[in-house]
Amino acid sequence: MNLLASWLGNVPDFAIPYALAALGLILTERSGVLALHAEGLMLVGALFGIGAQLALGNAGLALLAAMGAAALVSLLFAVMVIWLRINQVIAGLTLVFFCQGLTGLLGTLWGWTNQPVSGLPALALWPLSDLPLVGRLFQQNLLVYLTPLIFFAVIAWLERTTPGLRLRAVGENPQAADAAGLSVAGYRLLAILAGAALVGLAGGYIAVLSTKLWIAEMTGGRGWIAVALVIFARWSPWRALAGALLFGCIEALIPQLAAAGVRLSQYFILMAPYAVTLGVMIWVALAGRDRLSQPGALGEAYVREERR
Amino acid sequence: MLEPLSAPLAEVASPRPRQPLFSRRYTLEIRQQLAWPWQALILGLALLLGLGLSAAILVLAGVPAGELLNEFVVATLFDAQSLQATLFQAAPVILVGLAGCLAFRARFWNLGLEGQMIWGALGATAVSLFEIGPEALRLPLMLVAALLGGLLWALAPLLLKLRLGVNEIIASLMLNYIAANFLLHLVFGPWKDPRDAFPYSPLFRSFERLPELLPGLSLAVPLALLVAVLAWWFVALSRAGLYLRFVDANPRVAGAVGVPVRATILATVLASGALAGLAGFVVAAGQEGRLTQSFYQGYGFSGILIAFLARNNPLAAAVVAFLVATLFVAGRNLQVFYQIPFAMVQLIQALIVICVASSDFFIRHRLRRSQGGAA
């Protein structure tokens, strides 16, 4: 019983980064830009979140810094895929490697490694927080409560407003959008920057609010899992949130299993998120619907001079 | 041809005032082709830019500017001992580079090079640990086990892609993490050297390690070069290589004219996995002499980078791999002498790839000032 309650209480810490990163990636990919760079941007968000927290001592500002830093680095990605028309797979992978190198270097040079920070205090939502079993779900930091609002805002913008419609049009058929007078490059830039800010926030969550310190490569493949989540969710934000919760539940089990004294090598337990991701990818492929729902122009550079 | 006639006419028709600099309109045009000296010049400039940026970052990170050339060129190539170290380092890097080339030729994004390296090293270590086969055959058996280990670990994402259309980038990356955790399980658990407290396997016996061909030159280096030539033969001269070019150009047409598309992709990607496994064997049996917990780190990215920079040509990959090995050795020196983390090596590689990838834009496009107002 106690184990169950503490397991539930830990779910948001694992689920929220997945949810925010997947939301950011969906925003970017709906504009037709294949976003494989999540792992790198999360690292940038994590490092600069910790750096800002150490320098300014304010977790809110630290999260803003995480968003800003990730958006800034994603400008490089935007230049590569929008204007220089580099293959989006190569650009995304290179950006991940670039960010891994950059954060590994800066984290050590600036002495931000292994410096604990305070994070955000838990806010108890009384009376929900006094409920048995699920009470700990309502003793979370502010960002956990804000995440559903962020989802509402982004989804409303994407699906209920004209700019959101235009962004999706650019992702489905850039030729038609261009002919209709929309700026393909402009909308894609917007989508990349806004998406990167959300992915950076996810990285900031992991470092500033969850582990509360910076270690090189600390995201451990969560960015890639977020990419898989987007495929799993078929580019729908609500399904991504559900998928993130599922992954959060599974990952929150890991420390619980250890505490419950399961006699299995910890490394097998640590494999679980990756194995589950693989399983989910296979399940999606067997269901065979992922190709239908992906944005029409995903992964294609838009080149006006090459009319098709 | 029409220009001498039309230009004066246009002048008469629209006497256009000289535009200020920033309101001029430019259009991008796609070049049909560019003479190769220009291509080489653009590529060279991009490389210079990448190296310049890297040098600037190194200086900012605390390496004295005057020492850069010394650390990177003199200290790695012009000193017999460091040249040995560089060659020694080059062998596994060449092998992962070749693995990258093969996979990309089959249009398979094999990001699982590190996982395949791990399984190669695991295979070789298992042969040593369980003393399979007589002493004389032990090393060849370890080599075969390494090839098989890498091959099998590449088989999973390959089958998932061919059968189900699962994205191989995610699948092979997830398998990397799984392999890495399994490696940790072994070196901290059942395969740990009982003699001390560190997470590694027992040392290989002397006949289980790659011998030196000449004093200071490990057998690994000629082995890697031999594999490079074989890979070049495979993609450039063999029948499979011809099929591969068909498949790369257009899989559907290739299938229609009778090329065994699946078999070609299967063989090439499995070869890629096997070579990555071989790289794991070379690190374990050549450099470390045992299974260690993080021997594979940095190789996966380098393999992809080398294949990209060498445009998937195995012989060019060997050359690029040698340069990357120089960077590895220099990176370790910087770590020792200036406390600069090894991540610097990855940053430099990424910067160079970004610059070279960007240079392609200038090879394929040109900027032209638009004539008239209707651009």
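Select L253(A) first: here helix α10(A) bends by about 25 degrees, and a proline, P255(A), follows within four residues. The bend is the angle between axes fitted to the seven residues ending at a residue and the seven starting there. Helices (H or I, at least four residues) and strands (E, at least two) are DSSP runs, numbered from the N terminus.

A word on what you are viewing: this is a predicted model, in which local features need pLDDT of at least 70 and side-chain atom pairs count only at pLDDT 80 or more, while totals for chains, interfaces and linings use all residues. Residues are numbered from 1 along each chain as its sequence is written, and chains are lettered from A and ligands numbered from 1 in the order in which they are written.

Now widen the selection to residues 237-259 of chain A, the whole of α10. Its 23 residues reach 33 Å from first C-alpha to last, close to the 33 Å expected at 1.5 Å a residue (1.5 Å times one less than the number of residues). Color the buried residues, among them P237(A), L241(A), F247(A) and E251(A). Buried means 20 or more other C-beta atoms within 10 Å of the residue's own, with C-beta atoms placed from the backbone. What covers them? Show α1 (2-29), α5 (142-160), α9 (222-232) and α11 (266-287) of chain A, which are included in that cover. Just after α10(A), stop at G261(A), which takes a positive phi of about 80 degrees.

Next, zoom out to chain A, with its 12 helices and two strands. Buried residues make up 51% of its 308 residues.

Bring in chain B. How many residues of chain A are in contact with chain B? There are 39, and they meet 37 residues of chain B; contact means C-beta atoms, placed from the backbone, within 7 Å. On the chain A side, α4 (88-109), α9 and α11 each supply at least two residues, and α4(A) gives the largest share, 13 residues. This side divides into 28 nonpolar, eight polar and three charged residues. Ala, Val, Leu, Ile, Met, Phe, Trp, Tyr, Cys and Pro count as nonpolar, Asp, Glu, Lys and Arg as charged, and the others, Gly among them, as polar.

Last stop: T76(B), in helix α3 (residues 68-77) of chain B. T76(B) is buried, with 22 other C-beta atoms within 10 Å. Select its contacts too, including S82(B), T326(B) and V329(B).

Technical notes: Buried ≥ 20, exposed ≤ 12 C-beta atoms within 10 Å, placed from the backbone. Contact = placed C-beta atoms within 7 Å. Lists of a residue's contacts leave out its neighbours within four places in sequence.
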